[in-house]
Amino acid sequence: MKKTLLLLLISTFCFSQTFQTVALLNNGSNDNRINIAVLGDGFTSAQQNNFVSSAQSTINYLFTKSPYTEYKNYFNAYAVKVVSTQTGVKHPGTATDVTEPVIPVSNPNNYLGSSFDFGVHRCIYSNTTNKVAQVLAANVPDYDITYVLGNSTEYGGCGGTYAFASLNGAANEIVVHELGHSFGKLADEYWFAGTGESPNKTQNSNTATIKWKNWLGLNSVGVYPYTESPSWYRPHQNCEMRYLDRQFCSVCKEAIIERIHSLVSPIDSYTPANSSTLNGNAAATFTVNEVLPIPNTLVNSWMLNGTTLSSTSNSLTVSPGQLNNGTNTLIFSVTDNSPLIKVTNHNTVHLATITWKLNKSSTLRISEVKAEERRFSIYPNPAENEFYIRGKQSFSKNVKVALYDGAGRMIPVKFEMKDSSTIWVGIQTIPTGTYTLSVMEDEGLIISQKIVKE
């Protein structure tokens, strides 16, 4: 699937301790899931059951929040029983936003160095986040999301490279909010932080070009200035990124789903697999096992030798008479039609495909199978003057791009490779409308997708 943990601290990783790991949520292989690692800090060996219970509670709660609810099947979660020598979260009593000490000054020997008073009293973080990296590398190296639960009931939490939260009664909500930062790359909406542009924060107030223009006027999405810096704008007045115990607004939900789509393929597995051999005298069934949203919003399509088939199922049976002697190409494509991402006006279309090359022998009546999974992002869509096609894998050098109008006529367009995995397509000269994008690679069709020219 995804990333490999950066080995910036490789010289110290080999000394990192291995702790017991407990599965909190298991929906499939880590290779095609977003893996959440929950670490505890300030929990002694005798307190690990309390930690696991708290970790399970935060995970359970996270998936009551949309869009995590709808995409629960895309996640795994693990609790890492990090054992500290002493109980609690450090409190140096150095915060300037309150009259310290709000709680007793303390310096427990906790493993990850979690502490209050990072700028403000309630901000829990650590000066030794390299230890977090070491624990992750040794215990859940294929993690995608992580947060640390500090063993304190004082209200606190912060986001950053990693999210931290206490065991205060608001812990579940703090985790959801902080993951909005560290996973969704979302900005705070309750105050202005000088962190630049984010999916839910911008300096552009033009309703025709603002990044969340597709949601304006829907679900209370608008253009609202930050009080502290009125040249910056947020999309909502009552979002989870502004107040706890709320829901994410439509703009923030879409940003989180973007992250999910970028990490997980909706295709879990498929049959027949590569190098299979089929009996050319018998019907052959092709099946794709998908990771389904709740409810299922995936849209499937099949194409055989350039002709779109009527089936929208995840399984298709091909008769011998449908195959030509020689090479046949069967393509399965899937996109997500969730209303949470407004597919008709969504900036990026995420497309996953399986392509089977079926080489049919006229004498032996045998089809030899070569199968390949590909993933693509097409953006922006709709587009005005240009769009890009980005592959998870590199394209070959023999690539051709064409557009077809509603009558099936080919519309010439300019295209060029920007790098090995990115194709630029220029559409300045074509009329507005809806077109079918066709991408050929090594004389075989690999993409057939609707494109809107604004």
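This is a predicted model: local features need pLDDT of at least 70, side-chain atom pairs count only at pLDDT 80 or more; totals for chains, interfaces and linings use all residues.
**A sheet, a helix and a loop residue**

Good morning. Four strands form an open sheet here, ordered β22-β21-β25-β26, with antiparallel pairing. At its edges lie β22 (410–411) and β26 (444–453), each of which pairs on one side only.

Let me turn to helix α2, residues 48–62. Which residues of α2 are buried? They are Q48, F51, V52, A55, T58, I59 and L62. Seen down the axis of α2, these buried residues fall within an arc of 125 degrees, so they line one face of the helix. An α-helix has 3.6 residues a turn, so residues three or four places apart point the same way. The exposed residues N49 and N50 are carried on the face of α2 turned away from its buried side. As for the partners, the buried residues of α2 pack against the strands β1 (21–25), β2 (34–41), β3 (75–80) and β6 (145–150), and against helix α4 (171–182).

Finally, I come to Q86, which is placed in the loop between β3 and β4 (114–115). Q86 is partly exposed, its relative accessible area being 40%. Beyond its sequence neighbours up to four places away, Q86 touches G42, T44, N107, P108, N109 and N110. The C-alpha atoms of Q86 and N107 are separated by 9.4 Å, with the two residues 21 apart along the chain. Thank you.

Notes: Residues are numbered from 1 along each chain as its sequence is written. Side-chain values use heavy atoms; hydrogens and water are left out. Two strands pair if DSSP finds at least two bridges between them. Helices (H or I, at least four residues) and strands (E, at least two) are DSSP runs, numbered from the N terminus. Buried means under 20% relative accessible area, exposed over 50%, partly exposed in between (1.4 Å probe, protein chains only). The arc is that of the directions from the helix axis to the C-beta atoms. Contact means heavy atoms within 4.5 Å.
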